[in-house]
Amino acid sequence: MFKRLQPQRGQLALSLLLLVGALFLMISVRQCSAPGLPPRHEDIAGGDTINVAIELSPMGVSLAGDTLAGVYYDMVREVCRRHGINVRFHPFTLLSTALEGLAEGKYQLVVSDIPATADMKERFIFTDPVEVDRMVLAQLADSAGNIPIRTQVELAGKEIYLPKGSPALSRMRSLSREIGDTIIVRQDSLYSSEQLLILVANGERPNAAVSLAVVLAMSRMFPNLDFSLGLSFNQFHSWALNPKDSLLRDSLSVWLGELNR
């Protein structure tokens, strides 16, 4: 459990981010029997092996001691085990990078909390929903030097940080129109939602739009944060595929449905 963060926030934030980076490197170089993780991000498997880009996060894949774990990681592994499919995992931190790889044909599937918005459906096809989630605002809690934003109208003129290419960008644009004023959206090309949350906790970003799934996984570590302001209604989150892989999409939707029976 993290204690309330005090003066040397920059150093602590840097340390935490370095730890996240180290975790990424550990996972990237770790090799497993199929299904497994590649020695390099560019090591794309051929043949009958499915290349799966999976988000490095508590919901996607992470290290629990010496064991790879994650709700989505376990789901993909179980589906592939049941149906005799070889799979190679490619961890990522920025969704935009993974989606670029999907569009280029490097990956057959991107596993993350992806809202199947109209904009996203113009570029990719999606499995049936695997989760219902919503966007919330991560900001510092009430303190002597900070007054949290309590309503969406108060977002006018405020900065909100998102990972570059985040599907939440379209929602923030819609929200700006709804309140009739400008919300300043900053797309960060370096940090994931989890990392932006850490920076907000350390006072190095004013706030960030994050999914409720991220909040549920990390909020206990950051008691100095407030997540009470919702930014969207509930959204169905699915996994993305290239439009040419409609047969794989249909099969995955059926197989994922079997896991809940």
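**Second largest cavity.** I began with the second largest cavity, which holds about 80 Å³ of space. For the record, this is a predicted model, where local features need pLDDT of at least 70, side-chain atom pairs count only at pLDDT 80 or more, and totals for chains, interfaces and linings use all residues. Residues are numbered from 1 along each chain as its sequence is written, and side-chain values use heavy atoms, with hydrogens and water left out.

My cavity rule: on a 1 Å grid over the protein atoms alone, a cavity is a set of points where a 1.4 Å probe fits but cannot get out, and lining residues have an atom within 4 Å of a point. Grid points are joined across faces, edges and corners, and a volume is the space filled by probe spheres set on the points.

I listed the lining of the second largest cavity: I50, V52, V76, V79, C80, I85, L109, W239, L248, L252, W255 and L256. By class that gives twelve nonpolar, no polar and no charged residues (Ala, Val, Leu, Ile, Met, Phe, Trp, Tyr, Cys and Pro count as nonpolar, Asp, Glu, Lys and Arg as charged, and the others, Gly among them, as polar). Strand 1 (50–55), helix 2 (71–82) and helix 8 (246–259) each supply at least two of the lining residues; helix 8 has the largest share, with four. I take helices (H or I, at least four residues) and strands (E, at least two) as DSSP runs, numbered from the N terminus.

**Helix 2 against helix 8.** Both helices line that cavity, and I looked up how they pack. Their axes come within 10 Å and cross at roughly 105 degrees (axes are lines fitted to C-alpha atoms, for helices over the stretch in contact, and angles run from 0 to 180 degrees between N-to-C directions). Helix 2 and helix 8 are therefore roughly perpendicular, as angles of 65 to 115 degrees count as that, under 35 as roughly parallel, over 145 as roughly antiparallel and the rest as oblique. On the helix 2 side I found M75, E78, V79 and R82, meeting L252, W255, L256, E258 and L259 of helix 8; contact means heavy atoms within 4.5 Å. These contact residues divide into six nonpolar, no polar and three charged.

**Aromatic pairs.** I got two aromatic pairs in the structure. Rings of Phe, Tyr and Trp (its six-membered ring) pair if their centres lie within 6.5 Å; planes under 30 degrees apart count as stacked, over 60 as edge-to-face and the rest as tilted. Y72 and W239 have ring centres 5.4 Å apart and planes at 75 degrees, so I logged the pair as edge-to-face. Y72 belongs to helix 2 and W239 to strand 13 (residues 235–241), 167 residues apart. W239 also turns up in the lining of the second largest cavity.

**Largest cavity.** How many cavities of 30 Å³ or more are there? I get three. The largest holds about 260 Å³. It is lined by 22 residues, and E55, S112, D113, S166 and S193 are the closest to its centre. Strand 5 (109–115), strand 9 (159–163), helix 6 (193–201) and strand 11 (207–211) each give two or more residues to this lining, with strand 5 making the largest share at three.

**Second largest pocket.** A pocket is an open set of grid points with protein on both sides within 12 Å along at least five of seven lines. Helix 5 supplies the largest share, three residues. By class I count three nonpolar, five polar and three charged.

**I179.** Last, I checked I179 in helix 5 (residues 168–179). Beyond its neighbours within four places in sequence, I179 is in contact with Q152, V153, L155 and A156.
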